[in-house]
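Colleague: I am new to this structure and would like to learn how to read it. Could we go through it one feature at a time?

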Amino acid sequence: MSTEEFQKEQEFITGLYARLDDLREEAEATVESALTQVETGHQAKLERDVLVAEQSGLLAAFNAEESGLCFGRLDFQDGRQYHMGRIGIRQNDAERTPLVVDWRAEIARPFYLATGHSPMGLRRRRHITTEGRTVTALHDEILDLTDTTRTGHEGSAADTVLLAALDAARSGRMHDIVRTIQAGQDRIIRASHQGVLVVEGGPGTGKTVVALHRAAYLLYAYRDLLARRGVLIVGPNPAFLSYIGEVLPSLGETGVLLATVGELFPGVTATGTDTAGAAEAKGRAAMADALARFVRDRQTVPDPAVEIEHDDGTLLLDRAMAEDARAAARQTGLPHNLARPHFAFRIIDALTAQLADRIGYDPYGGPNFLGPDDIAQLGKAVALSGEVHEAIDALWPPLTPQQLVADFLAGPVHLPDADARLIRRDGGAWTPADVPLLDEAAELLGEDDSAARAAEEAERQQRIAYAQGVLDMAYASRTYEFEDKEDVDEDASEVLGAHDIVDAERMAERHEEADHRSTAERAAADRTWAFGHIIVDEAQELSAMAWRLLMRRSPTRSMTLVGDPAQTGDAAGCDSWQQILGPYVGDRWAHTRLGVNYRTPAEIMEVAAGVRRAQDPAFEPPGSVRSTGVRPRARATEPDALARAVAETVADEAPREGRLAVVAPRELHGALAVALPGAAHGAAPDLTRSVVLLDPRQAKGLEFDTVVVVEPGRILAGSPRGANDLYVALTRATQHLAVVHTGALPACLREGLARAS
Ligand SMILES: Nc1ncnc2c1ncn2[C@@H]1O[C@H](COP(=O)(O)OP(=O)(O)OP(=O)(O)O)[C@@H](O)[C@H]1O
């Protein structure tokens, strides 16, 4: 081992962190002093805003980069040498020489793609391992086989670093993989943002982690577009979102909204739960049609005619008049609330004509006495009549989505009887499956906010003019670090200042007095927000109604869908991508597969595959990169000793470091929680605890060092997609799997576990 090489790298890393400290201090000091100044003049205020906008963004990124800031080095055959980092950082010299290049830069690609066969101009690729600010290991790969220089750190570097990452104890939080992205994964991460890309793969193939790195890459490569419109990542449940929530911040990216579909209707918190049957029925595409018809039902005509008392006599609003007004309003094609004024005008006109006919009537058969001005006066009086408005409201009521859906659920119509029975509910909390219905209702109803929008737009234009001034000044005084993607292509990195990350419009939005929210925050609060890109994880779980909601948030159809139809658990979920995408993009979507399992050791995967093979004898699981030599164990027990047997198994199997999950049917959780006093459990358990109790659906997407699956037979029989749920539960472990059961083991497991035990 060459201590000289080690020393050189340590010096470099020490210098790099010193530079990071300087940058952090500079940014902190600038923000602090700018914020404490009380500026009154226009010019001074501009300067302060420039500094705060620029430095706060940098500070957030610097603060995220304490660990593993630099993880590799590329030595090119032509003598160029680049260190690789989570973000790009430059020296403080006149040329602003790059110290580390961002992993997302084009120049960094050979780190992930170069092979001995195709070295991409590389002589050597170095993997640098650090703990804090100390270099602990170097691994070199020689890619130019004619080069005889040796550093003493050669070996099967890539494998060593990858296997160390895969073997590491889990923390209950997903980590980034910038050090070990595999070639096939890199191609997906850097695929163009346009169109719909489906990434399919079995358990543990890296679908989630690749999707997150893709978000980070897209925010880097298409920053102009995506910083303004934002990126939405949709996951199956809140526990999963907290599991993946630290990956993007650790890569310096914070402008992403992570949400479940149940969180995508601002103002509604879905705390209720549905039965599986109700959720499935609510998810069917036919609900959209039923709701549309329900809205039309609310556009009524009077029978008998409504008599309206008016100063000049009784007015008669009859069926024919209302039918005529209703047809005209519907013909506008506008949503219910926006078509309502058309209905009202028509009625007011007709009532005014009725009144005019009566008042100006010439008993001798001549023309009406009233001139246009008189009629206009009459019209005003009719339009101001409270009684007229009451009558219009009764026939074409203004509606909110919440009202409409609550009424619909209380008395579901236009549906098969069986579905109507399943979803009928009087009051109660909103459920996640209600959210796509609320969104659908909001589309059908429309919001009459034209006046508010016009006022807001005028104000926004003023702010943009102001912000343009800020940006012009920022450009003149640009000073800062990071790489600019255009320059990265030419090997040299450039400075990324306020200009590169915000445009006048975005800046204007930031500087709105009452609104200092980030893109993600503003997007979360706006139902009609159109995201620049949407990533959907566990996409196979979403219902047809949920897809309708998501497609509305992505008018450009720039999406990455990640999933595995073999793991579909939700009865409302889809079986095929074409079924999901056909209605929106036809067959214009790309499909790609990840085929290597980085999580589950071969011994466990063999057992899990038995569950799938029982349904499809030709099923082949993704190949595991690792085997541990430890076979999964099964433990039989009596029903009244089940909780104790699980507790004993947990005590036996608990990893010294890392995390253990007990995956059991929900109905056993009460007894198991008592037997496992330290375990996190409930709707959103803390996954960082050493022992976590989950049901199979909650376990989706997560991973643990050790997993104890309880009563696999009940999981299998627990729902129409029970085999998928069991497959998910069995594929969560990175090291060990144990099964605890009463009665006979399901046939699909008997063989695998019998061989293994
Ligand atoms: N290139 C890689 N380097 C290091 N670790 C990796 C790599 N690819 C995947 N992993 C790890 O493999 C594990 C599984 O990844 P991930 O959760 O993304 O898989 P998945 O396909 O989404 O699985 P599932 O469908 O079962 O939820 C994670 O711990 C992830 O960090």
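Colleague: In strand 13, which residue is the bridge partner of V198?

Modeller: This is a predicted model. The bridge partner of V198 in strand 13 is L561. That pair belongs to a set of five bridges, over which strand 7 and strand 13 (residues 559-563) pair in the parallel sense.

Colleague: Which strand do six bridges join to strand 7?

Modeller: Strand 14 (residues 589-594), and these two strands run parallel. There, V199 has T592 as its bridge partner.

Colleague: How do I read the directions in which residues of a strand point?

Modeller: In a regular strand, side chains alternate between the two faces of the sheet. In strand 7, V196, V198 and E200 point one way, while L197, V199 and G201 point the other way.

Colleague: Are the residues of strand 7 buried or exposed?

Modeller: Six of the six residues in strand 7 (residues 196-201) are buried, so the strand is mostly covered. The cut-off for buried is 20 or more other C-beta atoms within 10 Å.

Colleague: In what order do the strands of the open sheet come?

Modeller: The order is 9-8-12-13-7-14, six strands with parallel pairing. From one strand to the next, the twist averages 15 degrees.

Colleague: Which strands does helix 6 touch?

Modeller: Helix 6 (residues 207-221) packs on the sheet and touches strand 7, strand 8 (231-234), strand 9, strand 12 (533-536), strand 13 and strand 14. The direction of helix 6 makes about 165 degrees with that of strand 13.

Colleague: Which residues come nearest to the ligand?

Modeller: P203, G206, K207, T208 and Y598 do, out of 23 residues around the ligand. Helix 4 (157-167) and helix 6 each supply at least two residues of this shell. By class, the shell holds eight nonpolar, 11 polar and four charged residues.

Colleague: How far apart in space are E620 and L384?

Modeller: They are 73 Å apart, C-alpha to C-alpha, and 236 residues apart in sequence.

Technical notes:
Residues numbered from 1 in each chain as written. Predicted model: local features only at pLDDT ≥ 70, side-chain atom pairs only at ≥ 80, totals over all residues. Buried ≥ 20, exposed ≤ 12 C-beta atoms within 10 Å, placed from the backbone. Helix = DSSP H or I, 4+ residues; strand = E, 2+ residues; numbered from the N terminus. Pairing = 2+ DSSP bridges. Axes fitted to C-alpha atoms, helices over the stretch in contact; angles between N-to-C directions. Contact = placed C-beta atoms within 7 Å. Near = placed C-beta within 6 Å. Nonpolar A, V, L, I, M, F, W, Y, C, P; charged D, E, K, R; others polar.
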